[in-house]
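Hi,

Here is the structure I said I would pass on. Have a look at it first, and my notes follow below.

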Amino acid sequence: MRITLLIPSVLALSAGTAMAEMVAPADVQFADGALETPLTSDAGDPARGKVIMTTRSKGNCVACHEISALSEAPFHGNVGPMLDGVGEYRTEAELRGIVANAKMTFEGSVMPAFYKTTGFERPGDGYSGKAAQGELPPILTAQEIEDVVAFLKTLKDG
Amino acid sequence: MKIKVLTAVSAALIGSAGLALADPDEDQLVINGDLEIVTEAAAPDHLSDVMDTIYSGWRFRSDETQELEMDDFDNPGMIFVDQAMDSWASAEGSEGKSCASCHGDDPSESMAGVRAVYPKWNADAGEVRTLAMQINDCRENQMGADAYKYDSAPMAAMEALIAVQSRGMPVNVAIGGPAAETWEQGKALYYTRTGQLELSCANCHEDNYGNNIRSDHLSQGQINGFPTYRLKNAKLNTVHGRFKGCVRDTRAETYSPGSPEFVALELYVASRGNGLSVEGPSVRN
């Protein structure tokens, strides 16, 4: 349901409709891995970002990162670095770039690109194991990326 | 302020607990008090530029899970070995034959060492065959019986019966000669980043074994222990069933069990375990 709603909005965007001010995944311009301009006109909400980061079907960031502020969610992984204090030593633009497509900052990173819709090998339909039908929506929407970035900015003096 | 200090302390504690988990443990696997299993070995030559040591997945499991494999009375996989022993002796198909008709009543004689060298090149067929393919070839062409579904319960059970006859013997899969092309194909698949998450087998099982993805302690993804009884689904799991699950978890379209891609991948992954003991049926979570 969510997914079907999402696809038209992405299409509408790339067609240039000026409803909500959003940058479509294909139009994102990285500068040294960073993204200066927010992906949506609506400000990110750190509370929503927190939920996205611990939700399996969304960011599931804790699968790979330990984050003290999210300690109520069980079992943080350690494939990626611990993120305490990341809001201190990374700029907002860097964080946005990393969450949208970490490979633009860290070449060959195992961290998935959360705002990317093309260029996949054997893309699947979610976790069904079946082939994707048509172009995939990004794992996170523009607004969800902004929400996550807003939460990451609160991770100071770790 | 106080709260912040506390959080930092607990974070440090969690961090060190994570570190303690980071590597394979030091436990030794001895089954039934006398069958010593090699769970750690020097990496085969073809892996020398990526790792020094190979480990069985057993070394990454909790003590509770490990213990279930140390005694055949505790290993739920052994029930299926018994079931397959019945199938071994039952005539099926148009020829009125059973496995025993050709291979004798005692598989511990005819099947010793078989698991250790599969997948293997079959010169007559001109292809690399997995154990499952060979079992089905016998069923169809010797017995005139229906093939088992590739990753079905009866297939997993028959594989367990055959694997157990090689327990403790070193995996020794041939990768050269006529098998080389299939092996190369499998290797390419191992390093291909699939799905929307863009992860390859190597990303998880070569770059990150010992680390945790959420609550999962990543092993090297070795297949010396297959078929595997998993506590999670309470059944015997085949190699291709596991591959399928791992590929699905990258948000990819999987290959099918028994497909040429998975056969090639199995040959390659098996060869990464050359030197570990055959361990099946093993127990994992």
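Which side chain of chain B does A:K116 join in a polar contact, and at what distance? The partner is B:E198, and the two side chains are 2.9 Å apart. Before you go further, keep in mind that this is a predicted model.

**Around A:K116**

You'll find A:K116 in the loop that runs between α4 (92–100) and α5 (142–153) of chain A. Besides B:E198, A:K116 touches B:Q196 from chain B, and A:P25, A:N101 and A:P138 from chain A, leaving out residues up to four places away in sequence.

**The annotated site in chain B**

UniProt, in an unreviewed entry, puts a "binding site" at B:C201, B:C204, B:H205 and B:C246. These positions are spread over 46 residues of sequence but cluster in space, with a largest C-alpha distance of 10.7 Å. B:C246 also carries the UniProt annotation "active site", again from an unreviewed entry.

Is B:C246 buried or partly exposed? It counts as partly exposed, because its relative accessibility of 34% falls between the 20% and 50% cut-offs. B:C246 is part of helix α10 of chain B.

B:C204 and B:H205 are both on helix α9 of chain B. B:C204 has a relative accessible area of 17%, so it is buried. B:H205 is at 17% relative accessibility and counts as buried too. Setting aside neighbours within four places in sequence, B:C204 contacts B:Y209, B:I213, B:L218 and B:S219. On the same terms, B:H205 is in contact with B:C246, as well as B:Y190, B:L218, B:S219, B:Q220 and B:G221. That gives you a direct contact between two of the annotated "binding site" positions, B:H205 and B:C246.

B:S200 is in the loop between α8 (180–190) and α9 (201–205) of chain B. With 6% relative accessibility, B:S200 counts as buried. Its contacts, not counting residues up to four places away in sequence, are B:Y190, B:Y191, B:T192 and B:R193.

**Helices α10 and α11 of chain B**

Helix α10 (residues 239–248) packs against helix α11 (residues 260–272) in chain B, at an angle of about 100 degrees and with the axes 11 Å apart. That angle makes α10(B) roughly perpendicular to α11(B). From α10(B), the contact uses B:V239, B:H240, B:F243, B:K244 and B:V247, and α11(B) brings B:F262, B:V263, B:L265, B:E266 and B:V269. What is the make-up of this contact? Seven of its residues are nonpolar, one is polar and two are charged.

**B:Q222**

B:V269 turns up again in the contacts of B:Q222, along with B:I54, B:Y55, B:R272, B:G273 and B:L276, not counting residues up to four places away in sequence. B:Q222 is in the loop between β8 (216–217) and β9 (228–230) of chain B, and it is buried, with a relative accessible area of 9%. Which backbone atoms does the side chain of B:Q222 reach? One is the backbone oxygen of B:R272, at 3.4 Å, and another is the backbone nitrogen of B:G273, at 3.3 Å.

Happy to go over any of this with you.

Cheers

Methods: Residues numbered from 1 in each chain as written. Chains lettered and ligands numbered in written order. Predicted model: local features only at pLDDT ≥ 70, side-chain atom pairs only at ≥ 80, totals over all residues. Heavy atoms only, no water. Axes fitted to C-alpha atoms, helices over the stretch in contact; angles between N-to-C directions. Helix = DSSP H or I, 4+ residues; strand = E, 2+ residues; numbered from the N terminus. Parallel < 35°, antiparallel > 145°, perpendicular 65-115°, else oblique. Contact = heavy atoms within 4.5 Å. Nonpolar A, V, L, I, M, F, W, Y, C, P; charged D, E, K, R; others polar. Polar contact = N/O pair within 3.5 Å; in protein donor to acceptor, adjacent residues only side chain to side chain. Buried < 20%, exposed > 50% of the residue type's maximum accessible area, 1.4 Å probe, protein only. UniProt positions renumbered as here; feature names shortened; annotations may be inferred.
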